[in-house]
Amino acid sequence: MDKEALALSLLPAHWREAVGLRIREAEEIRLRTGRRPSLLLRGEELPFSRDGVTETDLLRILEKATGASLHAAQSSLSEGFVNFRGIRIGVCGMAAMAEGKTSVFRHVSSLAVRIPRECRGICREQIDALLREGFQNTLVVGPPGAGKTTALREMIRRLSDNGYRVGVADERNELASLDEAGQAFDLGRCTDALIGLPKERATLMLLRGMNPLIIAMDEITREEDAGAIAQICGCGVGILASAHAGCKEDLRKRPAYRQLLDRGFFSRLLFVRAEKAGREYRLEVFDS
């Protein structure tokens with residue numbers, strides 16, 4: 001089942017009918033209690049039903065996504081999302097804390113169902129440049145929703161199909177989108193993906209067991225992620241990663257990113273921007 005159909009299957013039947021073929025263009029399904037459900041299309045939220053969303057609607061969707069076991073998904077819920085067969089569902093509401101971490105959601109008020117896609121041929125010019133010059137450590141940079149993960153996925157596939165052994169530390173299962181039917185997205189002929197582990201642990205396992213030339217990971221956000229990258233650099237393995245930021249100046253505002261740039265871990269930056277007409281990609285040589 002494709003990812004659009006999987007996302008649609010989470011919704012009540014009358015909403016599925018209302019969405020129809022528009023799901024093919026949607027980036028996300030946005031659901032907020034007391035508001036009309038909507039689709040995110042080209043950066044704009046468009047309602048698809050007159051019904052107001054209830055908390056019961058949201059809980060039923062989460063039950064489907066977790067196989068009726070929210071407890072089993074508690075680890076990811078504590079990070080603000082659940083994963084449904086490679087589809088990330090962001091969760092907001094009234095959270096409770098225990099030992100400095102989110103322990104449970106007492107009430108759920110919003111869900112964002114992000115629809116992942118495989119887009120072959122994007123950022124072709126920039127990937128060709130990396131292949132022509134010989135791969136150098138590259139950071140894919142853009143704001144949330146710009147398309148970083150999709151670009152990263154295509155870069156992994158192209159590098160892998162050109163003979164680079166790529167180990168993927170896919171902590172949230174968004175690059176491979178693995179489910180019981182197998183790997184949903186083609187990550188290339190020389191790619192090995194390790195899914196569901198923290199990046200720092202996954203990189204160690206990939207280094208020890210899979211002999212990668214490049215290790216790829218999505219969304220560097222924590223100090224531990226930066227530590228994983230430092231670990232890779234000390235082993236002579238290339239790095240391909242993504243980070244939330246709008247520009248180089250934004251990168252330097254966050255300690256984890258600033259540390260990586262100041263230590264010279266990345267020599268190429270691929271900037272991704274979402275425009276009304278589509279995505280814009282720009283590859284820059286990083287000069288510290």
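Are Trp 15 and Phe 48 buried or exposed? In this predicted model, Trp 15 is buried, and Phe 48 is buried as well.

## Aromatic pairs

The structure contains two aromatic pairs. One of them joins Trp 15 to Phe 48 in an edge-to-face arrangement, with 6.2 Å from centre to centre and 85° between the planes. This pair links distant parts of the chain, since Trp 15 belongs to helix H2 (residues 13–19), while Phe 48 sits in the loop between strand S3 (44–47) and helix H3 (55–65), 33 residues apart.

Phe 135 and Tyr 164 also pair: their ring centres are 6.3 Å apart and their planes stand at 65°, so this pair is edge-to-face. Phe 135 is found in the loop between helix H5 (124–133) and strand S7 (138–142), and Tyr 164 in the loop between helix H6 (148–161) and strand S8 (166–170), so the pair ties together parts that are 29 residues apart in sequence. With a relative accessible area of 14%, Phe 135 is buried, because the cut-off for that class is under 20%.

## Packing of helices H7 and H8

Helix H7 (residues 199–209) and helix H8 (residues 223–233) have axes that come within 8 Å and cross at roughly 20°. That angle makes H7 roughly parallel to H8, because angles under 35 degrees fall in this class. The crossing in which H7 passes H8 is right-handed.

On the H7 side, Lys 199, Glu 200, Thr 203 and Leu 204 take part in the contact, meeting Glu 224, Asp 225, Gly 227, Ala 228, Gln 231 and Ile 232 of H8. Sorted by class, the residues in this contact of H7 with H8 are three nonpolar, three polar and four charged.

Terms used. Residues are numbered from 1 along each chain as its sequence is written. This is a predicted model: local features need pLDDT of at least 70, side-chain atom pairs count only at pLDDT 80 or more; totals for chains, interfaces and linings use all residues. Side-chain values use heavy atoms; hydrogens and water are left out. Rings of Phe, Tyr and Trp (its six-membered ring) pair if their centres lie within 6.5 Å; planes under 30 degrees apart count as stacked, over 60 as edge-to-face and the rest as tilted. Helices (H or I, at least four residues) and strands (E, at least two) are DSSP runs, numbered from the N terminus. Buried means under 20% relative accessible area, exposed over 50%, partly exposed in between (1.4 Å probe, protein chains only). Axes are lines fitted to C-alpha atoms, for helices over the stretch in contact, and angles run from 0 to 180 degrees between N-to-C directions. Angles under 35 degrees count as roughly parallel, over 145 as roughly antiparallel, 65 to 115 as roughly perpendicular and the rest as oblique. A crossing is left-handed if the near helix is turned anticlockwise from the far one by less than a right angle, and right-handed if clockwise. Contact means heavy atoms within 4.5 Å. Ala, Val, Leu, Ile, Met, Phe, Trp, Tyr, Cys and Pro count as nonpolar, Asp, Glu, Lys and Arg as charged, and the others, Gly among them, as polar.
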